[in-house]
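Dear colleague,

Please find below the structure that I am handing over to you. My notes on it follow directly after.

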Amino acid sequence: MTQQIPQAPPTEPELSGVRNFRDVGGMSTTDGRRVRSGQLFRSGHLAHATESDAEYLSSLGLHTVFDFRNGADQALDGHDVELPGVRNVNIPLSDPADGGEFWKMVREGDLDQLRAILGDGKAVARMADSYRGIIRDRTAEHSRVVHALAEDSVPALMHCAAGKDRAGLSIAVTLLALGVEREAIVADYLESNAPHRRYRMRRGGEPAGARSPEVTELLAPLFDARAEYLTAAFETIDETWGGVDRYLAEGLGLAPETLGRLRDRLLE
């Protein structure tokens with residue numbers, strides 16, 4: 001009788017109710033190590049996870065799910081499904097789209113108002129400025145995440161609403177701490193643009209086809225992952241702290257021994 005060897009679950013399953021899910025394992029670091037597979041995941045919110053989605057997520061052996069959504073996001077999309085035995089940690093970060101009030105304006109505002117707020121490059125500038133602000137002003141939150149990962153919180157899944165901006169920045173900060181090259185971090189970030197990953201523009205019960213093409217175009221920069229957004233975050237690290245090493249030590253308060261534990265847990 002042939003013994004059946006259990007197969008590890010694929011890192012990119014077809015999750016029908018969770019967008020933008022992926023394992024960031026396999027990325028190389030500057031010292032020749034690699035991020036362990038099956039330890040660090042990213043996705044959009046879990047509020048619409050189906051029963052089969054939840055079963056798959058439970059099979060990953062997750063210790064912690066980090067939810068970076070704020071109350072407005074949760075009111076729009078709902079709370080995450082409960083995964084048995086998994087710790088849920090909500091660390092709200094500012095939404096580049098300003099949460100519920102912004103989406104109310106999108107649904108109810110007139111075209112002239114949207115043009116004034118988002119047109120002529122204003123939407124792109126809004127996103128880049130938001131990324132800069134999250135890096136500059138949310139060091140306590142990012143410090144909490146990387147310290148938790150160094151202590152006991154892996155395997156971990158990080159998500160926000162779309163899994164692109166707030167989760168993308170938190171993953172980027174973690175990968176910087178692990179020694180992954182910026183170009184590789186940007187490449188992973190841009191994976192959120194794949195058609196099967198992209199967050200659907202409709203939110204909060206808005207009917208399909210409710211927007212004109214011009215409104216959709218005005219909103220596009222908010223839904224895109226653009227290299228210039230993440231580059232703005234990296235530039236803020238350089239301008240504020242003079243580089244990654246000081247950012248980790250002074251901005252995030254990562255002592256050398258804690259950084260070492262983080263890398264031992266997440267690298268191979």
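Helices (H or I, at least four residues) and strands (E, at least two) are DSSP runs, numbered from the N terminus. This is a predicted model, in which local features need pLDDT of at least 70 and side-chain atom pairs count only at pLDDT 80 or more, while totals for chains, interfaces and linings use all residues. Residues are numbered from 1 along each chain as its sequence is written, and side-chain values use heavy atoms, with hydrogens and water left out.

I begin with the backbone. Asn-20, in the segment before strand 1, has a phi near 65°, which is a positive value in a residue other than glycine. A cis peptide bond, with omega about -5°, links Val-154 to Pro-155; Pro-155 belongs to the loop between helix 6 and strand 5.

Strand 2 (residues 40-43) and strand 5 (residues 156-159) run parallel and are joined by 4 bridges, with Leu-157 of strand 5 as the bridge partner of Phe-41.

Thr-64 has Arg-87 in strand 4 as its bridge partner. Together with helix 2 (residues 71-77), strand 3 and strand 4 make a right-handed β-α-β unit; right-handed means that, with the strands pointing away from the viewer, the path from the first strand over the helix to the second runs clockwise.

Finally, the helix packing. Helix 5 (residues 122-137) packs against helix 6 at an angle of about 70°, with the axes 5 Å apart. Helix 5 is therefore roughly perpendicular to helix 6 (angles under 35 degrees count as roughly parallel, over 145 as roughly antiparallel, 65 to 115 as roughly perpendicular and the rest as oblique). Ile-134, Ile-135, Arg-136 and Asp-137 of helix 5 meet Thr-139, Glu-141 and His-142 of helix 6.

The axes of helix 6 (residues 139-151) and helix 7 (residues 166-178) come within 10 Å and cross at roughly 55°, so helix 6 is oblique to helix 7. His-142, Val-145, Val-146 and Leu-149 of helix 6 make this contact with Leu-169, Ser-170, Val-173 and Thr-174 of helix 7.

Yours sincerely

Terms used:
Pairing = 2+ DSSP bridges. Axes fitted to C-alpha atoms, helices over the stretch in contact; angles between N-to-C directions. Contact = heavy atoms within 4.5 Å.
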